[in-house]
Amino acid sequence: MLGKMRDYLLALVVIFGSWHLGSSIMAKPFLPTPLAVIQEFSLLLIKGQLLSHFLISSYRVFLSLAISFLLAVPLGLVMGRTPALDRIAAPVIYVLYPLPKSVFLPIIVVFLGLGNLPKIVLICLIVFFQIVVTARDAARNIPLQSLLSLKSLHATTWQTYRHLVWPYCLPKILTSLRVSLGTAIAVLFLAETFASTDGLGYFILDAMERKEYPAMYAGILAMGLLGVITYALVDLIENRFCKWTKY
């Protein structure tokens, strides 16, 4: 644990040190020093301006991830263990999966209007396909010997899913979710800069247009913090529910 904290602190020193060096060399207003950004970040946080946008973006990300997980995992697991369903659903998913979902943002806004819903739907579309494909492939690759062992014990379908399919696939599903986080945050930024009046994406773009560069970087810092928090939560879930992977 201490070693991991040391590595994180070292990474922060390298990042902020490189940033400070670049800011000192360029000496331009569009690249303020880390200290100026941290001061602006603290000031905006105290005033509540940044916190409100941070909470709105957090709500959108966490709700989108939860919905995607709850919809994609059961479908993917059942597809992986049910050849008949897989033959029907897999071609549809594999045709839609490679499509860049972000191009559908204008269509989603036209159909669903402004507000939280179109942003949540867009993130769900991206994360859903990532998870469902991973869950389906993981369920298909369960060792036959493990399945036969449970079958010899007269396990029901529910018991097979609970005691074998779910534990076997969960680490792979969480890895897929972790990979999807970066994409989800990037799509959130895109969605919040399109016909939006709140969220970190809107805050960053608004600060850029007003040439308030310390505030712009403070918003970027907040969005990075949101990504780190989300990533850490997935790690906590994995440590809690996938303890056997640590041995």
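Helices are DSSP runs of H or I with at least four residues, and strands are runs of E with at least two. By this definition the predicted model contains 10 helices and zero strands. From the N terminus on, the order of elements is α-α-α-α-α-α-α-α-α-α. The C-alpha trace spans about 70 × 50 × 30 Å along its principal axes. The protein has 247 residues, and 38% of them count as buried. Of the contacts with a separation of 6 or more, 75% join residues 24 or more positions apart.

Helix H9 covers residues 200-209, and helix H10 covers residues 213-241. Their axes come within 8 Å and cross at roughly 160°. H9 is therefore roughly antiparallel to H10, since angles over 145 degrees fall in that class. The crossing of H9 past H10 is left-handed. On the H9 side, the contact is made by Leu200, Gly201, Phe203, Ile204, Ala207 and Met208. H10 contributes Ala215, Met216, Gly219, Ile220, Ala222 and Met223. By class, the residues of this contact comprise 10 nonpolar, two polar and no charged.

The cysteines were considered next. The structure holds zero disulfides. Cys242 is in no disulfide, and the nearest cysteine sulfur, that of Cys169, lies 11 Å away. A disulfide would require the two sulfur atoms to be within 2.5 Å. Cys242 has a relative accessible area of 0% and is therefore buried. Cys124 has a relative accessible area of 12% and is also buried, because the cut-off for burial is under 20%.

Key:
Residues numbered from 1 in each chain as written. Predicted model: local features only at pLDDT ≥ 70, side-chain atom pairs only at ≥ 80, totals over all residues. Heavy atoms only, no water. Buried < 20%, exposed > 50% of the residue type's maximum accessible area, 1.4 Å probe, protein only. Axes fitted to C-alpha atoms, helices over the stretch in contact; angles between N-to-C directions. Parallel < 35°, antiparallel > 145°, perpendicular 65-115°, else oblique. Left-handed = near helix turned anticlockwise from the far one by under 90°. Contact = heavy atoms within 4.5 Å. Nonpolar A, V, L, I, M, F, W, Y, C, P; charged D, E, K, R; others polar.
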